[in-house]
Amino acid sequence: MVLGLGKIRGLFGGGGNTSNDGDATLPPYFPVRPKGCETQSDALFQCITNTATDRLRAIEDEKEQQVSGSKEEEAPPLSTKGDTASEASVAVVVNPLDSCREMIYTYKRCCDKNLKKKQNWILTEDYRVQEEYRYKYDDSSS
């Protein structure tokens with residue numbers, strides 16, 4: 001009985017696999033906006049456009065400052081085995097999508113449910129350009 005409680009809470013939006021679990025990665029079907037997920041899609045797109053983009057720019061600026069700062073400094077002395085300064089200089093990987101983690105979770109959850117519906121099936125299909133609109137390569141020119 002207790003084991004099923006997390007799943008029941010997850011169905012009603014309470015617990016289960018929350019936004020704090022796992023990493024903030026976008027699903028393979030990411031740029032779709034299925035019917036029924038308009039609010040979740042818009043919230044995620046807005047977060048990526050504003051918050052994540054600003055954070056990515058700040059990270060890039062920090063990296064540029066580190067690179068320009070390291071070029072101005074002299075070469076550091078060779079470190080020994082127990083040197084903690086060399087361990088501290090290792091850059092921590094920061095994901096700019098961490099600030100959008102909650103919205104990514106709700107977007108994935110909604111899309112996983114709504115992409116199975118008949119009205120949204122076309123969003124999961126691969127699109128193939130018709131033959132008359134494809135580029136034609138001339139093999140005789142070589």
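The torsion about the S-S bond joining Cys47 and Cys100 is about -95 degrees, so this disulfide is left-handed. Cys47 belongs to helix α2, while Cys100 sits in the loop between α3 (84-88) and α4, so the bond ties together parts that are 53 residues apart in sequence. The model is a predicted one, and in it the sulfur atoms of Cys47 and Cys100 are 1.9 Å apart. With a cut-off of 2.5 Å between cysteine sulfur atoms, the pair Cys47 and Cys100 counts as a disulfide. Both ends are buried: Cys47 has a relative accessibility of 6%, and Cys100 has a relative accessible area of 0%.

By the same cut-off, the count comes to 2 disulfides. The other pair is Cys37 and Cys110, with sulfur atoms 2.0 Å apart. Its S-S torsion is about -100 degrees, so the disulfide of Cys37 and Cys110 is left-handed. Cys37 is found in the loop between α1 (5-11) and α2 (38-72), and Cys110 in helix α4 (residues 101-114), so this pair ties together parts that are 73 residues apart in sequence. Cys37 is buried, at a relative accessible area of 0%. Cys110 is buried as well, at 9%.

How do the two bonds relate along the chain? Counting the bonded cysteines in order, the disulfides follow the pattern 1-4, 2-3. Cys37 pairs with Cys110, and Cys47 pairs with Cys100.

One further cysteine needs a separate account. Cys111 is in no disulfide, and the nearest cysteine sulfur, that of Cys37, is 4.4 Å away.

Ser41 lies in helix α2, and the side chain of Ser41 reaches the backbone oxygen of Cys37 at 2.7 Å. Ser41 counts as buried, at 0% relative accessibility. Which residues does Ser41 touch, leaving aside those up to four places away in sequence? They are Val32, Arg33, Pro34 and Tyr107.

Definitions and conventions: Residues numbered from 1 in each chain as written. Predicted model: local features only at pLDDT ≥ 70, side-chain atom pairs only at ≥ 80, totals over all residues. Heavy atoms only, no water. Helix = DSSP H or I, 4+ residues; strand = E, 2+ residues; numbered from the N terminus. Buried < 20%, exposed > 50% of the residue type's maximum accessible area, 1.4 Å probe, protein only. Polar contact = N/O pair within 3.5 Å; in protein donor to acceptor, adjacent residues only side chain to side chain. Contact = heavy atoms within 4.5 Å.
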